[in-house]
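These are my notebook entries on a structure that I am opening for the first time. I write down what I looked up, entry by entry.

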Amino acid sequence: GLESRLVRGEQSVLLLNRRGYASFTQCQMCGFVAECPHCSISLTYHRVPEGLVCHYCQHHEPALDKCPQCNSDAVKRRGMGTQQVERLVAERFPTARLARMDVDTTGAKWSHATILDRVSRGEVDILLGTQMIAKGLDFPNVTLVGVIDADTGLNLPDFRSNERTFQLLSQVAGRAGRGEKIGEVIVQTRMPGNPAIQHVATHDFLSFVRQELGDRKAPAYPPFISLANVILSGQDQAETAQAAITAADWARRLLERQHVRGVVLIGPAPCAIDRIKDRWRWHFLLKSEKPSILTQVAHYIAERYVLPRAGGLRLIVDRDPVALL
């Protein structure tokens with residue numbers, strides 16, 4: 001794939017839906033994973049500058065030589081990151097001119113445009129990067145698109161994970177063969193039977209939509225119903241949990257007292273990412289087939305519910321949430 005493009009003087013694009021050098025650092029002896037002390041998320045290893053970084057709050061700490069839990073030196077970096085792919089490609093194709101485009105390389109003003117200008121002028125043989133290379137690029141000499149680990153994002157606890165994966169893969173596949181030359185797309189996956197992967201391979205948007213709509217009927221999710229996600233956050237774990245339970249009970253009583261029909265309350269429960277920037281997060285969902293009634297209920301909760309003053313508690317009502325993480 002890449003080698004034949006280099007020989008022909010054509011360009012290639014490699015997409016990896018991650019930043020950094022490896023996705024997480026883990027001890028092979030005790031299973032310890034380096035996590036952010038402020039967020040419920042593993043730290044990502046970056047080689048330049050070297051260290052472990054949280055992609056939610058930017059917490060930074062030195063790379064690990066030994067496991068802080070069992071003192072073993074069997075600490076390994078797991079998964080692939082953009083920096084690691086860049087190194088592997090450079091080793092395999094030492095004469096190729098590479099450009100990497102992710103949040104780390106496009107932080108400076110105009111750096112995004114500078115990289116794309118180099119690609120446009122033919123000064124780059126292989127462009128690799130994250131989501132930002134997936135859409136809007138129009139380079140007629142790009143004839144190969146490779147998607148590395150397309151499964152990233154498929155198994156997130158969110159009802160739109162398949163939809164987002166299909167969208168991302170369709171967008172990046174559209175970067176190949178935009179000129180007169182024939183384009184090719186190669187997708188790496190361990191889940192070839194997944195509908196998002198299958199229907200991208202056949203360019204069958206309508207079939208994907210039909211299957212995805214069928215999957216969202218039971219249990220019902222948008223577009224068959226409307227959602228409001230009520231998120232409570234606070235500095236103390238127990239106080240946040242109790243505040244969410246109390247708020248959900250108050251909302252249930254509100255629905256009963258006002259004889260509201262057709263609005264279902266689910267939860268409360270910890271959010272999938274239950275801590276971000278030192279704030280614990282709980283939520284409950286309101287589901288309804290009647291958008292106008294749901295809007296009234298969500299607005300009433302946001303305007304009228306009074307939180308306890310302790311613990312720096314906050315309540316956010318997210319109407320039509322784009323994600324449930």
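Is Arg319 buried, partly exposed or exposed? I looked up its relative accessibility, keeping in mind that the model is a predicted one, and found 25%. Buried would need a value under 20% and exposed one over 50%, so Arg319 counts as partly exposed.

**Entry: the partner of Arg319.** I then looked for what the side chain of Arg319 meets, and found a salt bridge with Asp320, at 2.8 Å from N to O. Asp320 has 47% relative accessibility and therefore also counts as partly exposed, since the exposed class begins over 50%.

**Entry: two further pairs.** I turned next to Arg160, whose side chain forms a salt bridge with that of Glu163 at 3.9 Å, N to O. Arg160 comes out at 18% relative accessibility and so counts as buried, while Glu163, at 32%, counts as partly exposed.

I noted another pair in Arg275 and Asp278, whose side chains meet in a salt bridge at 3.7 Å, N to O. Here Arg275 counts as buried because its relative accessibility is 17%, whereas Asp278, with 36%, counts as partly exposed.

**Entry: the count and a network.** How many salt bridges does the count come to? I found 18 salt bridges. I also wrote down a network of salt bridges that links Arg5, Arg8, Glu10 and Glu184.

**Entry: the largest pocket.** I looked up the volume of the largest pocket, which is about 1600 Å³, and then its lining, which consists of 46 residues. Nearest the centre of this pocket lie Asn17, Tyr56, Thr152, Gly153 and Leu156.

What kinds of residues make up the lining of the largest pocket? I found 21 nonpolar, 16 polar and 9 charged residues there.

**Entry: elements that line the pocket.** Which element gives the most to the lining of the largest pocket? I found that helix 4 does, with 7 residues. Helix 4 covers residues 161-173, and among the elements that each supply at least two residues of the lining are also strand 1 (11-16) and strand 9 (142-148). Strand 11 (226-234) and strand 12 (263-276) each supply at least two lining residues as well.

Conventions
Residues numbered from 1 in each chain as written. Predicted model: local features only at pLDDT ≥ 70, side-chain atom pairs only at ≥ 80, totals over all residues. Heavy atoms only, no water. 1 Å grid on protein atoms, 1.4 Å probe; cavity = no way out; pocket = protein on both sides within 12 Å on 5 of 7 lines; lining within 4 Å. Points joined across faces, edges and corners; volume = space filled by probe spheres on them. Helix = DSSP H or I, 4+ residues; strand = E, 2+ residues; numbered from the N terminus. Nonpolar A, V, L, I, M, F, W, Y, C, P; charged D, E, K, R; others polar. Salt bridge = Lys/Arg side-chain N within 4 Å of Asp/Glu carboxyl O. Buried < 20%, exposed > 50% of the residue type's maximum accessible area, 1.4 Å probe, protein only.
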